[in-house]
Amino acid sequence: MEEKYGQQSKHDFRNAVVELSNHLQTMFSSRYKKFDEFFKELLENAEKSLNDMFVRTYGRLYMQNSELFKDLFVELKRYYVGGNVNLEEMLNEFWARLLERMFRLVNPQYHFTDEYLECVSKYTEQLKPFGDVPRKLKLQVTRAFVAARTFAQGLAVARDVVSKVSAVNPTPQGTRALLKMMYCPHCRGLVSVKPCYNYCFNVMRGCLANQGDLDAEWNIFMDSMLLVAERLEGPFNIESVMDPIDVKISDAIMNMQENSVQVSQKVIQGCGQPKTLAQGRTARSVSESGFSARFRPYNPEERPTTAAGTSLDRLVTDVKEKLKQAKKFWSSLPGNICNDEKMSVGTVNENECWNGSAKSRYDFAVTGNGLASQVNNPEVEVDITKPDMVIRRQIMALRVMTNKLKNAYSGNDVDFIDISEESSGEESGSGCELQQCSPEFEFNATEVTGNSNKSDKNVNTSAATRSGLSQAALLLSILFLAVQRQWR
């Protein structure tokens, strides 16, 4: 009978935790999906808009060089989904290639070898043939994409952390405390008497001690997400960057054409005099290219609507409110469970409730939140030397993601975390001996700024240096080997 009710009490406890956590997990999951769809559709619409505009404006000339622009959007999409793309280098390459194409078009009387065009591309920064557009666009695109990608990834990390932490499995001591609280009144004939509120609070604080330790890092993570959300609304707004990108590139092309004589003279000065084509071939080249003395100006028409007809501002406003509500979720969890009328009598009738031994007032003080505070818990025997390893890993995951968010807030590029590689399926409730692992890990990551192709990470970890190989030591060893492999 005891085993039966023990299993039932565990089941009731898990259901209470999952019921509260599911709402939070669903919120992060749905917001991640909306942001992801929005960003991807924004890129699709920007590419379509540029293609339509350039076909109408430049016609056959654009069609003959369209792969250059397609490659630009391929690389932008690849960066967003986690590809190893250095945005600054990629954009520099785009403008260098565009200069090569334009230089041929504005100088159809010459024959240019690949080596000569390579020399031409080296003058992109010096001559600024496209005006100030490349510099401004590089700054805007880099910051906007870093913020957008990191924010979407933060939503995914939050979703996964909630999923793993809420899969709680109480310890045997916790199960006994739950059984005593929820089903022992039945043995005394007090079937309708519910547990006292503070009694329930102590039991839940003991059973959710490790989740309580997550709260501090979780709150810092939420604050970092809110900071990046502000960037998305302001100077790093990816919608305001991508929406007019076709007009900006067209302006750059117009600038190059207007200054083509001066640019050509300076390039020829630096790279040498190219070979002149025969007169017939020159005329045929101009005719075949469809190039006119001046490109036709373009008045942009109404842009296609982005994902689900919404805007980035509306998405950010919505998610900011949800992020604020999600703060202190883990420290509030015991109280929220005990507020359920199925779990306790609440804060009324404090003299007419089950206090663990009789129908009477509960006189013990409520213990603090977190593992260390449970040393004096009167209801649950908690071994504070055995931290839950699944939850400790989630604390580390939050710290790493928070560091990335802080870098993104400053406009610095950050490495992409492949969420699919995160470990999953481990049961909560596992622990380690005090002499084998520390109840807390220190994890500091120095992020790469401006170059996502090379990783230069400095990871410092500290754990108790006692005898015996433990789960914590093994985990730290794996982390060290993973970073070492990146250095090679």
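This is a predicted model: local features need pLDDT of at least 70, side-chain atom pairs count only at pLDDT 80 or more; totals for chains, interfaces and linings use all residues.
Start with the whole chain. Its secondary structure comes to 19 helices and two strands. Of its 488 residues, 50% are buried. The chain exposes about 23700 Å², and carbon and sulfur atoms supply 48% of that area.

Now go inside. The largest nonpolar core holds 119 residues. Phe-28, Trp-218, Met-242 and Ile-249 touch the most other members. Helix α1, residues 2–58, gives the most to this core, with 16 residues. Take Met-242 as an example.

Helix α10 is another place to look. This helix runs over residues 197–207 and is mostly covered, with 10 of its 11 residues buried. Among the buried ones are Tyr-197, Tyr-199, Phe-201 and Met-204. Asn-202 and Arg-205 are buried too.

Finally, consider confidence. The chain averages a pLDDT of 79, and 77% of the residues score at least 70. Confidence is highest in helix α3, residues 66–80, at a mean of 95. It is lowest in helix α19, residues 471–487, at 39. Over residues 281–308 the pLDDT is below 50, and this stretch has 49 contacts in the model beyond near neighbours in sequence. Residues 420–488 also have a pLDDT below 50, with 125 such contacts in the model.

How values were computed
Residues are numbered from 1 along each chain as its sequence is written. Side-chain values use heavy atoms; hydrogens and water are left out. A nonpolar core is a set of buried Ala, Val, Leu, Ile, Met, Phe, Trp, Tyr and Cys residues joined through side-chain atoms within 4.5 Å. Buried means under 20% relative accessible area, exposed over 50%, partly exposed in between (1.4 Å probe, protein chains only). Helices (H or I, at least four residues) and strands (E, at least two) are DSSP runs, numbered from the N terminus. Accessible areas come from the Shrake-Rupley method with a 1.4 Å probe; for residues, only the protein chains shown count as cover. pLDDT is the predictor's confidence in each residue, from 0 to 100. Contact means heavy atoms within 4.5 Å.
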